[in-house]
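This report covers confidence, chain architecture, domains and selected residues. The sequence and coordinates come first.

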Amino acid sequence: MIMKMTKKTIAFILLLFFCLSVCIGCTGAEDENWDMYCTISIECSTILDNLNSFKIEKLDILPSDGIILAETRVGFREGESIYDVLVRETKNRGIHMEASYTPIYDSAYIEGIANIYEFDCGSASGWTYCVNGIFPNCGCSGYKPANGDRIELRYTCDYGSDVGNRLEGDKIE
Amino acid sequence: MMKHDAMENVHPIVAFTFLAFALVMPMLFMHPVFIIVSFVSGLIWALMIRGRMALAFIFKFVIPIILIVAIINPIFNHEGVTILFYIRDNPITLESIFYGATSALMFGAVLIWFSCFNDIMKSDKIVYLFGNFIPSISLLITMVLRFVPLYRNQVKKISVAMRAQGFDVSDGNLLKRAKYGLNILSSLITWGLESSVITADSMRSRGHGLPHRTNYSIYNFDSRDLKISIVLILGIVFIGICAATKAVSASFFPLIKLNSWNTMSIACALTYAVILIIPIILNIEEIAVWQRLKSKI
């Protein structure tokens, strides 16, 4: 009986520690010895042009100028992908972000940022990203940015054509 | 097992309308206040109908389902503005937890109301209600539903008989047990075929399928049924108006927005509560009448 009790207690304490470490790991400030720097911006101004197809219940959280995160210089380490940078920066700034991981593509997919989700502004809407104005043909967890890159996360309401990404799927380099 | 309930004597049309309303309402209208009202009133009525059996049903079945639904939702749904903490890069939000809890309670309420539905709407009432415009389907449904308890009882009988002969299904190694189990199955199938032939013969000899037959029913629409249906119809219309004019509304994402509580929305919630406690009122009324009659003697 006593053995059982102690086992349970130990398990409980371990669980507590686990939870605590997870929490601390989330909120703890990271040391800032960055290898490289890039700029990142998040914006959804295309919604402002398509307000009538935007979900009514989300109008309250839509920024009036469409800018969720203005262009900001952020540091990152060698080997980190855009997804890693995005996760860290949104977490640090308290910006909501949801992503899912698809093993078959080995890629993360950004479902929503700041509670603005894919398909919230019509069936052709969702998040895209571009680096130095070019839209890469891979998921953001597969793209390793270089020093000084300008990363933009842009919300499209028309498969990317309204943010400057003409669908040129056949011309993969 | 099941106590007598006042709702059993209510006219089937009225009882069915009431139960359908109580079942559908939480699913159509996910408002936390309405869900709680539905859950509590359903719980009280279920306890009145079945007593301890209802408690067992709730603790073994309803509460685990509620917990599972409430936990699963925030794990898979990360929408919401209030971020509490992160699990594997995805935020757990207050809105999602709240929505999970509400939908879990809704699930529980529907389960409880459905158990009440099954206790009140017995097969004779279903046939009475639907026998006229979908006669074969309602007969089929009642017969199919009857098979479940029927076969279960028969399996019990067969296994008891086999145990008496020394072939116990709960004893011996896997091979032996499977063999005994197959024995039970084979005798069950034989019995099932035979009993369905007997049922068919019996139905034919009683004139099933002949034209110009009417159904015998012992239900009459009395003044109490009239009162209940007036309350029901007025209440449903009023709640419908309230929902249409957004006097009561609830949205959970991206931020929780419930209606502000003015006279209309409070009246709507009260109407909902009054409708749902109809069976409880009927039961209390019956007890009161009985006490009064008893004291006169």
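## Confidence and conventions

pLDDT is the predictor's confidence in each residue, on a scale from 0 to 100. Helices (DSSP H or I, at least four residues) and strands (DSSP E, at least two) are DSSP runs numbered from the N terminus. Among the elements of chain A, helix α1 (residues 2–27) has the lowest mean pLDDT, 59, and strand β7 (residues 150–156) the highest, 94. Chain A as a whole averages a pLDDT of 83, and 77% of its residues score at least 70.

The model is predicted: local features need pLDDT of at least 70 and side-chain atom pairs count only at pLDDT 80 or more, while totals for chains, interfaces and linings use all residues. Residues are numbered from 1 along each chain as its sequence is written, and chains are lettered from A and ligands numbered from 1 in the order in which they are written.

## Chain A

Chain A has three helices and seven strands, in the sequence order α-β-α-β-α-β-β-β-β-β. Of its 173 residues, 27% are buried (20 or more other C-beta atoms within 10 Å of the residue's own; exposed means 12 or fewer, partly exposed in between; C-beta atoms are placed from the backbone). Two residues are in contact if their C-beta atoms, placed from the backbone, lie within 7 Å. Among contacts in chain A with a separation of 6 or more, 67% join residues 24 or more positions apart.

A:Ala114 sits in the loop between β4 (107–113) and β5 (116–117) of chain A. Its phi is near 55°, a positive value in a residue other than glycine. A:Ala114 counts as buried because it has 20 C-beta neighbours inside 10 Å.

## Contact between the chains

Chain A places 14 residues in contact with 13 residues of chain B. On the chain A side, α1, α3 (82–93) and β3 (97–102) each supply at least two residues. That side comprises five nonpolar, four polar and five charged residues. Here Ala, Val, Leu, Ile, Met, Phe, Trp, Tyr, Cys and Pro count as nonpolar, Asp, Glu, Lys and Arg as charged, and the others, Gly among them, as polar.

## Domains of chain B

The domain assignment, whose bounds come from an automatic or database source, gives domain 1 (6–125 + 224–296) and domain 2 (127–205) of chain B. Their centres, taken over C-alpha atoms, are 35 Å apart. Six residues from domain 1 and six residues from domain 2 make the contact. On the domain 1 side, α1 (12–28) and α5 (123–130) of chain B give two or more residues.

Helix α3 (residues 52–76) of chain B has 25 residues, so at 1.5 Å a residue it should span 36 Å, which agrees with the 36 Å between its end C-alpha atoms. The expected span is 1.5 Å times one less than the number of residues. B:Ala54, B:Val62, B:Ile66, B:Ala70 and B:Pro74 of α3(B) are buried, and the buried residues of this helix pack against α2 (32–50), β2 (90–93) and α4 (94–120) of chain B.

B:Leu19 belongs to helix α1 of chain B and counts as partly exposed because it has 19 C-beta neighbours inside 10 Å. Beyond four places in sequence, B:Leu19 touches B:Trp113, B:Cys116, B:Phe117, B:Ile120 and B:Met121.
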